[in-house]
Amino acid sequence: MSEYVLNALLFVDMAAFLAVLFMHLIKKDSHLIWLYALQSMATGLFLLGTGIAEEERSLIMVAALTIIIKAIAAPIFFFRLMDRFGSHGSSSSYLSTPVTLAALMALVMFAYSSVFQILGMLLPGTVGSFPLSLAAIFMAIFLMINRRGVFSQMIGILALENSIVLLTACIGIKQPIALEVGIISDIALWIVIANAFISMIYRQFGSLSTSDLKQLTEE
Amino acid sequence: MMTTFLVAVPLATACLIGFLLPAKSVRFIGWSAIFASSLDFLLALFIVPRVVSVGSTGPAFWLSLDALAAFLVLIITLVGFFASLYSVGYLQAEVEKGIIGPNRVRQYFLLFELFMFAMLLAVSTTHPVVMWIAIEATTLSTAFLISFYNKPSATEAAWKYLILNSLGLLLSLLGTLIFLALPQIQTGITDWSMLQASAASFHPLAVKIAFVFILVGYGTKVGLVPLHTWKPDTYAKAPTPMAGLLASVLINVALFGILRFKTVTDASIGTGFSSGLFVMFGTISIVLAALIIFIQKNYKRMLAYSGIEHAGIMALGFGFGGIGTFAALLHMLYHALVKAMLFFTAGNIFLKYSTTKMKQITGVLSVLPLSSVLFFGGFIAIAGLPPFGIFATKLLILSAGMMSYPWISGIVLFALAVVFFGFFRHVTAMLFGPIPQDIEPGESNMLTKIPIVLMAAIIIIVSFDLPETISSIVTAAAASLTQPF
């Protein structure tokens with residue numbers, strides 16, 4: 001990887017990391033979607049920049065798909081869903097903000113621990129980016145666990161996927177274009193299915209809070 | 001070419017059902033699914049002996065079957081055939097009772113065929129990322145089947161299934177990508193054999209991290225404790241034939257994903273690390289499932305926890321290694337057949353009693369004589385009593401562990417005894433006692449009876465006399481897991 005690409009990767013990793021961090025701090029679902037769109041756009045632009053710098057058409061195509069599906073189509077889809085149900089709700093956390101921040105700090109320290117150092121060395125020059133991506137992964141998983149809203153759970157999954165894409169760049173994986181398209185198609189289909197379920201949950205439970213999903217526990 | 005055809009059949013059938021057949025032609029849709037699954041099963045019967053003699057089918061479009069994959073194909077197509085047969089009878093009974101409309105039958109079989117396609121692709125592919133895409137596709141194709149009845153509890157179960165499995169699968173994607181980044185070659189990894197061939201050069205710590213992600217990721221799909229929480233809810237809410245297919249076959253496909261990476265891990269850092277994890281997860285799964293089975297109140301959930309227990313037994317077998325690997329593979333077959341039959345007989349009980357709560361079910365022996373006898377037989381088999389095959393596989397697995405893990409073997413033996421008494425308590429309470437006033441004795445229709453009778457016959461045959469071809473393919477698969485090079 002050229003120095004330009006490595007610098008870009010570090011910048012995008014920081015953006016992705018900050019996006020997930022702010023996801024924990026804000027409560028409104030609409031803000032969550034904006035942060036996800038931002039993270040996806042940063043990921044897509046990084047792939048585009050890398051594709052142009054390394055003159056790889058397949059990577060440019062993957063970048064275009066990423067931007068169209070994850071940074072543009074998915075957020076529009078989510079906002080429409082919110083409008084349809086007149087829901088601009090917010091979701092609370094199980095843990096208070098100070099405890100959440102302490103947990104996030106622990107996760108970041110874990111990502112920077114010596115356990116994972118070996119993975120950061122797989123591709124020379126990405127030692128700074130790798131732990132940021134890994135921390136974003138852990139924080140995205142924690143977002144799903146700590147928040148009560150189904151929107152937060154869905155955005156947590158998608159933010160996790162974005163973070164994995166960036167981590168993949170850090171360890172230098174390049175897949176054949178067919179597989180990249182296969183993975184993106186899977187994600188696109190996942191978004192459609194998750195949205196269908198969110199509609200069903202809202203219709204049947206009248207809420208998008210996981211606290212109201214008690215049918216199974218009450219049986 | 002045969003492998004491509006095998007994988008293409010359910011996809012083509014899904015297209016036929018989804019785009020060409022009108023929703024009202026319920027009967028034709030059902031028979032299309034039965035025809036497709038029987039064709040796939042016949043193809044598997046043709047492919048397996050070939051793999052036994054030649055070693056693998058030729059690669060085409062990232063598809064190739066070695067002994068392990070061919071064995072899985074045999075299980076998927078065999079149980080898939082019975083599931084399609086039973087689904088037709090079960091859905092017919094539900095349409096007659098007004099539980100679902102005829103239009104839902106098309107939706108069911110469309111997703112059923114996509115699910116079969118995804119499972120066959122997952123085991124047939126030579127590329128780790130294609131396998132991941134296919135296993136993710138199993139989640140996407142089954143999510144709507146779990147919420148099939150459009151009830152709040154079913155939607156909640158499906159959402160839980162979707163989120164937890166997607167989380168698990170993203171972690172397994174991470175593990176897969178780390179594995180693919182480890183080889184020091186520039187051309188890129190394109191199949192399992194290349195990954196295995198370069199395993200010796202991997203950094204040990206990186207391999208361990210990657211394998212943990214794989215185990216946690218695909219382990220969620222297998223349902224190993226503590227990653228099992230979606231399973232009881234899902235099996236309780238999904239249509240019974242689909243729950244049977246999930247419990248008997250999908251568990252093996254997900255385990256297959258872990259085993260593929262286990263061979264790479266073992267080749268890189270030896271068997272100690274992966275075996276230790278398998279034994280740990282296996283033991284916890286068996287013990288927890290045993291305790292919950294004992295206090296269970298819902299028979300579909302009881303079968304789900306039984307699935308968790310058997311996932312643990314298989315994990316234990318692979319962890320112990322040696323003869324334990326052979327026994328665990330054979331256990332995959334026996335468990336798939338018996339668990340599917342148990343779910344199908346449980347489906348017949350549900351059709352009659354319209355409840356899954358065991359407290360409300362008595363006198364099944366008088367109401368459904370055939371189903372109840374086979375349900376009881378299935379319980380005997382799944383609990384591991386002689387003369388059924390599961391008795392032999394459990395015995396072999398425990399004896400494999402006696403030398404290296406005597407304490408674990410002792411704990412597991414005790415847990416298995418708890419499972420037996422738990423099952424016995426619940427099953428006898430359901431079978432005997434007075435018939436509820438509003439229940440009319442008699443089975444539903446022929447297609448809810450034929451599959452369970454045929455499955456019972458096959459279970460007895462393979463328990464007493466395992467066909468030479470199956471024995472050979474299991475031996476070859478076990479050898480590929482213990483000595484990959």
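Visitor: Are Phe278(B) and Phe318(B) buried or exposed?

Guide: In this predicted model, Phe278(B) is buried and Phe318(B) is buried too. The word applies to residues under 20% relative accessible area.

Visitor: What makes Phe278(B) and Phe318(B) an aromatic pair, and why is the pair called edge-to-face?

Guide: The ring centres are 6.5 Å apart, and the limit for a pair is within 6.5 Å. The planes make an angle of 80 degrees; edge-to-face requires over 60, so the pair gets that name.

Visitor: Which parts of the chain does the pair link?

Guide: Phe278(B) belongs to helix H11 (residues 272-294) of chain B and Phe318(B) to helix H12 (residues 299-320) of chain B. The two are 40 residues apart, and the pair links distant parts of the chain.

Visitor: How many aromatic pairs are there over all chains?

Guide: A search of the whole structure gives 31. In chain B, ring pairs also join Phe376(B), Phe379(B), Phe420(B), Phe421(B), Phe423(B) and Phe424(B) into a cluster.

Visitor: What places the charged end of Lys262(B) over the ring of Phe278(B)?

Guide: The charged end of Lys262(B) is 5.6 Å from the ring centre. The distance cut-off is within 6 Å, and the charge must also be within 35 degrees of the ring normal.

Visitor: Where does Arg104(B) lie?

Guide: Arg104(B) lies over the face of Phe148(B), with 4.4 Å to the ring centre.

Visitor: Why is Gln39(A) called buried?

Guide: Its relative accessibility is 1%, and buried means under 20%, so Gln39(A) qualifies. Gln39(A) is part of helix H2 (residues 29-53) of chain A. Leaving aside residues up to four places away in sequence, Gln39(A) touches Ala16(A), Ala19(A), Val20(A), Met23(A), Ala159(A), Asn162(A) and Ser163(A).

Visitor: How much area do chain B and chain A bury between them?

Guide: About 3,900 Å², with 81% of it on carbon and sulfur atoms. On the chain B side, Glu156(B), Trp159(B) and Leu170(B) lose the most area to chain A, together 19% of what that side buries. The contact takes 41 residues from chain B and 42 residues from chain A.

Visitor: How many salt bridges and polar contacts are counted between chain B and chain A?

Guide: The salt bridge count is zero. Four residue pairs are in polar contact, both residues at pLDDT 80 or more. H6(B) supplies the largest share of the side of chain B that touches chain A, 19 residues.

Key. Residues numbered from 1 in each chain as written. Chains lettered and ligands numbered in written order. Predicted model: local features only at pLDDT ≥ 70, side-chain atom pairs only at ≥ 80, totals over all residues. Heavy atoms only, no water. Phe/Tyr/Trp six-rings, centres within 6.5 Å; stacked < 30°, edge-to-face > 60°. Helix = DSSP H or I, 4+ residues; strand = E, 2+ residues; numbered from the N terminus. Buried < 20%, exposed > 50% of the residue type's maximum accessible area, 1.4 Å probe, protein only. Contact = heavy atoms within 4.5 Å. Buried area = accessible area lost by both parts, 1.4 Å probe. Salt bridge = Lys/Arg side-chain N within 4 Å of Asp/Glu carboxyl O. Polar contact = N/O pair within 3.5 Å; in protein donor to acceptor, adjacent residues only side chain to side chain.
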